[in-house]
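We will go from one stop to the next.

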Amino acid sequence: MAITKSCFQDKFGVPRQPGLTRHAHAELVIQPPYDREDAFRGLETASHLWVIFQFHEAVRAEWKPVVRPPRLGGNRKMGVFASRSPFRPNSLGLSVVRNEGLARRDGRLVLRISNHDLIEGTPILDIKPYLPFADSVPEASLGWADSPPTERLEVVFLAEAEQQLAALPSGDYPDFRALIEDVVSYDPRPSFRRGRDEARIYGAHLYDLNVRFRFVTEGGEKRVEVLTVC
């Protein structure tokens, strides 16, 4: 029913759960015949939405019964149905996102969202309002990922990156500095590389820009240095 126009252009750097990147913005471009305001009447009162989508870059001819969740360091196996891995038999995903309202953009109806984990081109299959009284279960538990990740690395923007950020039109890149901080501070590297100090320079494609950064350890303190934004 919709196609995602996202700040995340590929999988690297996308938060492992929605809500971890508070400053991520996207537009869900509603496709015919669903692009009618009447179909969304009343949705403006909902602060948050359930979005059902397809992990379109994780579709596989065969599925595996076990996966290695990044939260467990990538070295413990869990059943696929006990995880939120994108590599699933049906390739379906489910996320709670913040509703930023409907708009018309170049004649197309779009639903603006934030706090999401959707990459560019993600097919949206359905949208439903989040019901706090029914959907929130404060006493719920999982046993191996009950608490949110709390460790965030210090992020330092080097001079060239600062100059490039200052030259960007803020209207085209909403909350962009904060988005970069959210993406790199959680260390988006694969599990086997996380926590390491290495000379390698990484790049994350956000909007139409490539954010280049590296991980540095000095005196036992770890940080991320953002090198360029271009």
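The tour below visits salt bridges and then some backbone details.

This is a predicted model, so local features need pLDDT of at least 70 and side-chain atom pairs count only at pLDDT 80 or more, while totals for chains, interfaces and linings use all residues. Residues are numbered from 1 along each chain as its sequence is written, and side-chain values use heavy atoms, leaving out hydrogens and water.

Start with the salt bridges (a side-chain nitrogen of Lys or Arg within 4 Å of a carboxyl oxygen of Asp or Glu). The count comes to twelve.

Select Arg189 and Asp187: their closest N and O atoms are 2.8 Å apart in a salt bridge. Both Arg189 and Asp187 are buried (buried is under 20% relative accessible area, exposed over 50%, partly exposed in between, with a 1.4 Å probe and protein chains only).

Next, pick Arg223. A salt bridge joins Arg223 to Glu225 at 2.7 Å, N to O, and another joins Arg223 to Glu218, with the closest N and O atoms 3.3 Å apart. Arg223 is buried because its relative accessibility is 17%, whereas Glu218, at 49%, is partly exposed.

Now turn to the backbone. Between Pro32 and Pro33 the peptide bond is cis, with omega near 0°.

Which phi does Asp106 have? Phi of Asp106 is positive, about 55°, although Asp106 is not a glycine. Asp106 is exposed, at 78% relative accessibility.

Finish at Tyr207, another non-glycine residue with a positive phi, near 55°. Tyr207 is buried because its relative accessible area is 16%.
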